[in-house]
Amino acid sequence: MKSRLGLASILFIGATLLLKVSGLIRDMVIAYYFGDSYVADAYLAAFIIPNMLILFMTNGMKNALVPSYIESVEENNGKRYLGQVFKGTFVLAFILSIIGMLLAPYLIPLFYPDFSPEATEIATWVTVIFFACISFVGMNSVLEAFFDAESKFSLSIVSQIIVILSSIFAAFLFANQIGAYSLALGYLAGTVLSLIFKLFLVVPRKVMDVKQKIDWPEVKQFYWIFLPVGLTVAVGQVNLMVGTIFASYQGEGAVTYINYAKNLVHMPQAIFGVTIATIIFPLLSKAVTADDTPQFKKGIEKGLTTMYLVLLPSVLGMMLLMPNLIELFYERGAFSNQATTATTQVAYLYFGSVVFFSLNNVINKGFYTMKKGHLILMISIGSILLNVVFNFIFSKWLGYLGIPLAASLMALFYTAACLVVFVKLVGGLDFKYLAIDYVKITAAAIVMSGAVLGVQQLIGGWPNIVEIIIVAVVGAIAFAAVAFLLKTHAFLFLLNNVRKRNKKG
């Protein structure tokens, strides 16, 4: 298990890094052309509604299809099963796409009543365009899940990069002529190109039978597994929309600050959190299929410690460098220094959100592997109510700064509830092992923070990019040295994997 985790990590982290850099560039393009204006607010708010369906399809499909497809392959039914899910998903996605396009003119005024008429018009048409993507997103999601089941994680990431790059190029070409619509139309073109790319890889291999008629009972059986998983993912997006709705009442620019800060702060989660959780998922699935409970629990524990090891120093480092990072990435064109200050303040309060949700990614993979996604769904629905209450209280008290604080507190309660339920389900975890490693990792992160703060005092006022590089190098060395001296299990696990690969090379 260790060698596979290490090998897949290199490929997937590299591809995921490219994906997140592409996403960052897209945000930089939006900031450059539209700053913190009502146009940016309208585009970002509009994207959230169809994005619930997009994530419902993509992430939900991966969590549901990977274990069921692996099981069907072992029963020599993989080719037919994949074809049935692919065709059934296309039909369902097409229906959802049409419904969403028809409802868009009613959804935007309902969710964002404080938007100006101009912002409402932009948001409505952007929503229509994004809903038009859903049919292609559905087919893409099945093929991406297939790649993950084969441990070819980087292929699904590359296909997502195609979508983002298409949006970026469309903005460069047409933003001055058609504004925010260029990004949405570029996204639509990207979903088509991404599907062509996947079919080019899949069709010659003949791993999917699409000639047979749709077996709706079989498709229905799959979607009984998929539905709670997909809805759980959608619930996460609902929580994001709750924050955006409250932000829309805080004046022009608030939606933009919330989105830019969230995307930047959650980058470590998107790169390392999702990567580690995705890579261990097929391994957990095989442990469950083989009825190997000790190996399954060991995989969860290893995922939790590795996640914390990689994530904590990354997030702390970002927090210490946040003003530099936001100025470097966003402050140009229509994005002012005032917008940089506001976005920085919001970003600090997302710290808890990224840490807790990243750890929860591992726990959720355990639920999905055991086909217990309905339990997460129940907890997630409760998190929506909690999020509404927190947003109401803190936005009244702190304005738009209360929104990321509400997200962090909600993430804490959500992760704690998931952990309690999961531990009862599997009969316990080795909490002594987890606690010792977490204490060592936290100590290393504290030493790293002290070293970084000392260096920042010495090089304050230097060019942003130089300061960021120096701080990153010093922080990484300090953290790695302390983690090694403390004999942190997660650090030694990763180090041993690197040594093994070097010997093989």
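Helices H2 and H3 are roughly antiparallel to each other, a label for angles over 145 degrees, while angles under 35 degrees count as roughly parallel, 65 to 115 as roughly perpendicular and the rest as oblique. The axes of H2 (residues 38-74) and H3 (residues 78-111) come within 10 Å and cross at roughly 165°. Such axes are lines fitted to C-alpha atoms, for helices over the stretch in contact, with angles from 0 to 180 degrees between N-to-C directions. Contact (heavy atoms within 4.5 Å) involves residues including Ile-49, Leu-53 and Met-57 of H2 and Leu-82, Val-85 and Phe-111 of H3. The residues of this contact comprise 16 nonpolar, four polar and no charged. Here Ala, Val, Leu, Ile, Met, Phe, Trp, Tyr, Cys and Pro count as nonpolar, Asp, Glu, Lys and Arg as charged, and the others, Gly among them, as polar.

All of this describes a predicted model, in which local features need pLDDT of at least 70 and side-chain atom pairs count only at pLDDT 80 or more, whereas totals for chains, interfaces and linings use all residues. Residues are numbered from 1 along each chain as its sequence is written, and side-chain values use heavy atoms, leaving out hydrogens and water.

The chain has an average pLDDT (the predictor's confidence in each residue, from 0 to 100) of 86, and 92% of the residues score at least 70. Where pLDDT is low, the predicted coordinates should not be read in detail.

The secondary structure comes to 19 helices and zero strands; helices (H or I, at least four residues) and strands (E, at least two) are DSSP runs, numbered from the N terminus.

Next comes helix H12 with its two partners. The axes of H11 (residues 293-320) and H12 come within 4 Å and cross at roughly 75°, which makes H11 roughly perpendicular to H12. In this contact, Met-318, Met-319 and Leu-320 of H11 meet Met-322, Pro-323 and Leu-325 of H12, giving six nonpolar, no polar and no charged residues. With H13 (residues 337-348), the axis of H12 (residues 322-330) comes within 9 Å and crosses at roughly 135°, so H12 and H13 are oblique to each other.
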